[in-house]
Amino acid sequence: MSAASDLDTASPALGEAVRLRTADGVEIAALWHQGSGAPRAVVVVAAAMGVRQDFYAAFARWLAARGVAVLTFDYRGIGDSAPRRMRGYRADLFDWARRDAAAALEYALRRHPGVPVHWFGHSLGGQIFGLIPGHEQVAAMFTVGTGSGYWRWHAPRLRIPALLLWYLLAPVAIALAGYFPGQRFGVIGNIPAGAMWGWRRWCLHPLYLGGEGEPLRAELAAVTQPVAALLFGDDEMMTEESLHRLFALYSCARVSFRVLAPSSFGLAAIGHFGFFRRRNGEALWPLVIDWIDRGELPDETQQETEDGDR
């Protein structure tokens, strides 16, 4: 768990700005969104790879207006948690999970004791849930676009570009810049070298993060909470195969899988990122409220596991 030293400043337009101090003494940026009155639930939003917390602001404000407080945060090296100089900055995926995400979870649990805390993972933010100290205190998890990042389980058109990224672009760019300068290439975003190398290792292993060894796989298998795992049929990155491969590692979680067509919501496209677009919010965001309040999801293309029986 993280050290309990948080420096708060007000930012009414975007939420309450919070500086979370992690267990190893690093401060990361976060935003607390809460409407008037006490919330009936708290949601921690964990971002996808390279995505700033700002991307989730409209979604967070919508939930807050409906009685669900939301904490968003930037992993170290990302967004408002990035240093002025990225070259040589040290941060890896285990820092993000075991320290940064842990600090966010601890803050959410302390902010309103006794109120159930839910984890919302977008892509990477759901993949790492089982690595977070204290995750057993979370009531349930909701994920969007969270599957295995192993390159063979990607959408077909992404497989060759993924190999070019991992064997050419990333190694060369990191060697020259001292970090992955993705913003220059319009790829992912600026990522600390350690996090990018770790992600490369995962994406080139058939078990993805499970390739780190049996002790880590045991951590993932120890997760028992209910999980809503959503994938939209036009996701340009993840496939249904990747979804099931990832959650096979969460073998004791009670996972409800849904593969949903954008047309079911009157939308032309959603993809990997469209769930969080303001224009799609009224159609999609009530799914989260239904899950928090009643544990319900829409029925289209549903597969459900009970007690890890797959």
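I am working with a predicted model, in which local features need pLDDT of at least 70 and side-chain atom pairs count only at pLDDT 80 or more, while totals for chains, interfaces and linings use all residues. Residues are numbered from 1 along each chain as its sequence is written, and side-chain values use heavy atoms, with hydrogens and water left out.

I looked up Leu230 in strand β10 (residues 226–232), strands being DSSP runs of E with at least two residues and helices runs of H or I with at least four, numbered from the N terminus. Leu230 is buried at 0% relative accessible area, where buried means under 20%, exposed over 50% and partly exposed in between (1.4 Å probe, protein chains only). Leaving aside residues up to four places away in sequence, I find Leu230 in contact with Phe142, Thr143, Val144, Gly145, Arg258, Leu260, Leu287 and Leu297, contact meaning heavy atoms within 4.5 Å.

I then turned to helix α10 (residues 286–294), where Leu287, Val288, Ile289, Trp291 and Ile292 are buried.

In helix α4 (residues 156–177) I noted Ile160, which is exposed at 56% relative accessibility.

For the cysteines, I found Cys203 buried at 1% relative accessible area, whereas Cys252 is partly exposed at 37%. I count 0 disulfides, taking a disulfide as a pair of cysteine sulfur atoms within 2.5 Å.
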